[in-house]
Amino acid sequence: MDLKILTFNWHEPYICLMAHTGYEFHILEPETGPGQRRQWDRNMRPLPQNGRIVGETEAWRNLEEGNYALVVAHNLKDLAWARDYDIPKIAVFHNKFSTEAGLSGNSVDKEKYFRLVEDLTRGVHRVFISQSKRDDWGLEGDIIRPGLPLDEYGGYDGTGGFILRVGNHLKERDLMLGYTASSQIVEGFECVTLGQNPQIPGSRLSNGFDDLKEHYRRGRVFVNTTVDGYEDGYNLSMLEAMATGMPVVSTCNATSPIENGVNGYISDDIATLRQGVEELLRNPDKAREMGKNARETVARLFPIGRFVKNWKQAVQTAIDLFLVRHEAVEEGGAEGFAALPEKLNILMDTNGNPVTTAHYLERALRRQCHVITCGSAFTREQRQNWNMEALDWPVNQPEIRREPGETIQSVLGKLPADWRPNVYLYVETGLNAIPADLHTLQVPKVCYLIDTHLNKEQHLKIARHFDMVFLAQREYVDEFRRVGIQHVEWLPLACDPEIHGKQNLEKKYDVGFVGSILPNLPRRGELLDRLATHFNTHIERQFMKKMAGVFSQSRIVFNNAVRNDLNMRVFEALCSGSLLATDEAPGSGLTDLFENGKHLVVYEDDSIVDTVRHYLDHPDEAERIAEAGRREVLARHTYDHRAETLVDRVKEWVKTRLTEEGEPVSGDNGVSDYYRNVRQDLLHLVPRDAQSVLEVGCGAGHTGHAIRERQGAVVTGIEVNSRAAAEARRHLDIVLEGSVENMDLPFAEKEFDCILFADVLEHLVDPALVLRKTLPYLSERGVVVASIPNIQYHGILNQLGEGNWTYEDEGILDRTHLRFFTLKEIQKLFAETGYEVRVVEENLDPQYEKFVSPGQTSIRTGRVTISDLTPEELKRFFVIQYKLVAQPAIHAEGSFRSDSLVQMDNKIESHEFHNKEVFS
């Protein structure tokens, strides 16, 4: 889908990188002062072909007419400019907060500044250009590291023989760019400085992008001194130099990609770095050798393909979140499912990449179900970016193309006329994004997420859009449940015997490994190096049957987990019939599926050489274990088994929903209007400045949704009714399904400004326990808002006088009520659990005004008469329900101000109480 995006011209090189997504960018030149704008600087970069400069009037008109799909902001000023337009937005965080504060002389009021940031980014998808920047801000969001198109760089020769520095305002930003250190390094050498640097003699702007690239090609060495703690160990100009083939001399930084003596020199000692510069100036061959390694570093760690993929996913997420938040489609039967047939029609959202779980699972599902695939094509560029040139296997592209940004409804329109899906299955491939309108699909939506150990935050976002979630990594199942994703199960990876099966080949290697050895996986490389010094160790990057061939030729197959994952190599190696030696990967479930010494061998890092030598010296024992492992994986752990499990679980889940409580699932999800009420009578008690609200007993989420719409608060719900909880997820930010009394609450201390119990406490076995349990999660100015029926009501006394206590479907004697309260008991409940009641409002029986006369001191209801009552005591027999605001006793002052609390203070001052009571 072609998207038109509005962005702001603060960073020409970064916008040019974003242009590789193929989207159309309208670039607004922002105002920098009265009558002044930051114009596109063609000395930095030519305007990309899919970019166009627009004026403010044109941008406003396009926003008003809905011509933009998205706004990408690069700072708070951009967000403030666009805040009044209801459109998906992304905020890019280029700098650390610590750096911004430091450059301003630490004059920033951090608390005030963060409130501003949170206000401007509410409903905005955040993107951070590095992990360290996200960590420094402490905010949620995607991490998208830069990526460089290597074909635009190259040709390094270093013949200019000079040191190169590139950057703007290097001296003014010494705090983050380390100008002082770089000056000490280059002192006495020929140094060229390019950029806007009015305080550095001889510095100049490049004469266009070609001139900049020519300096990268001709300069001998690039100097980088970005300061650890204030900036990453690289910036775009350094990566461009490396992509050209230039070595780097750099001060130490925890995130630097420089390896000392490999692609440059890195040290905290200035004298050592000057020696490195001297060596590279003296030895051009050494510079070219290191520069070649530097270029390979960029190809490996900063590929443009991954940058583009991540940006497309971020755009998709921003649009998706916007649509869900605004309920862009009419609510209806998306939650109501028909009974499933014996043989399912599965619409499988995937990618043509054959080296993925999706490919194997698709093969298995086609043997059991009717499958049609949709998704984006697997391209030659993706094959190159994923280092899959050795792949020799046919690519089966999705039958229906669904490019990023394309809707699921468009896919449905392309299906055969006589074929409609019973189930939608999304399988993570790393290349396919979920459709923004997924919630419009009226069939069970199922996802299978593979690399949660690498993409947990992204997977948590994806999972919220599905009815059932399967995780390949068991360690994260409980965490997903804790944040409200209830229907989540572990579905381990597996093998495909037709591809990974045993090949009758001669054993050529003692130890074989097929996979990646990367700088970010040092443990794997170190273990393989250790094995290679003692045994005939073969390392290769191969795929499919050729990979199985390497395994079959190895006496022992080595495996090593990444972040304790249970990877597919475990199952593939076992299927090949060779002995698998692997680490345990605690928490992965490995030892629940296979037995150490019976199906495979678990090594310890310190003794891996001894372990391997033992089994090489005892081939009969090794063969016995290997064959047992092969039989076990063929019997229980093929993709046919996984496909059968997935289909059975989905059928069971739908059947349970259809028969739950003996009622069919209807078009309205079987949720009664009781769960859909908006408690208008309580909204004014919720403080308007509360930005984080917990609603216990949220029902279908309509009250919480009203709070979100009114003030932009983040609303979390807890609901025990599964159908109501499912509907609430369409209205609230987070919904936990279950009993608040029994669940472990996964919240941060002081997370909520308001906790709402709307007709909830009377339903609990132990309401005091719950009030104590939720107390730590109230912020310092936070409040509890509650409504509780009054058992002192005169109608109940009348029943008691007749000897009755008859439960009803609703009302004070609702048959689901477990606890009963008078006003005094409410006061005691809150006082004993650490709260102070600040406001009480009464829902009065209309008869009160007719019944009560001046001087009346008694009430008679049926055969019951109560005398000697004060006016306030008399009124309490006509209260149907109390509504109250309470605070933690130690925080009773300086609280959030609900509308009612403000009004109450005014009435206290004027001694005007009417139908309210105040406790202070």
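**Exercise 1.** Find which residues tryptophan 311 touches, leaving out those up to four places away in sequence.

*Solution.* Start with the rule: a contact means heavy atoms within 4.5 Å. Then go around the side chain: Trp311 touches Tyr14, Met18, Thr21, Val72, Ile90, Val92, Val127 and Ile144.

A word on the model before going on: it is predicted, so local features need pLDDT of at least 70 and side-chain atom pairs count only at pLDDT 80 or more, while totals for chains, interfaces and linings use all residues. Residues are numbered from 1 along each chain as its sequence is written, and side-chain values use heavy atoms, with hydrogens and water left out.

**Exercise 2.** Describe the largest nonpolar core.

*Solution.* First, the term: such a core is a set of buried Ala, Val, Leu, Ile, Met, Phe, Trp, Tyr and Cys residues joined through side-chain atoms within 4.5 Å. Buried means under 20% relative accessible area (1.4 Å probe, protein chains only). Next, the members: the largest core has 66 residues, and Ile90, Phe222, Phe307, Trp311 and Val315 have the most contacts inside it. Its largest share, eight residues, comes from helix 13 (residues 304-326); helices are DSSP runs of H or I, at least four residues, numbered from the N terminus. Apart from this core lies another of 53 residues, among them Leu365 and Phe543.

**Exercise 3.** Decide whether serine 267 is buried or exposed.

*Solution.* Locate Ser267 in strand 14 (residues 264-267), a strand being a DSSP run of E, at least two residues. Its relative accessible area is 13%, so Ser267 is buried. Finally, list partners beyond four places in sequence: Ser250, Thr251, Cys252, Thr272 and Leu273.

Methods: Buried means under 20% relative accessible area, exposed over 50%, partly exposed in between (1.4 Å probe, protein chains only).
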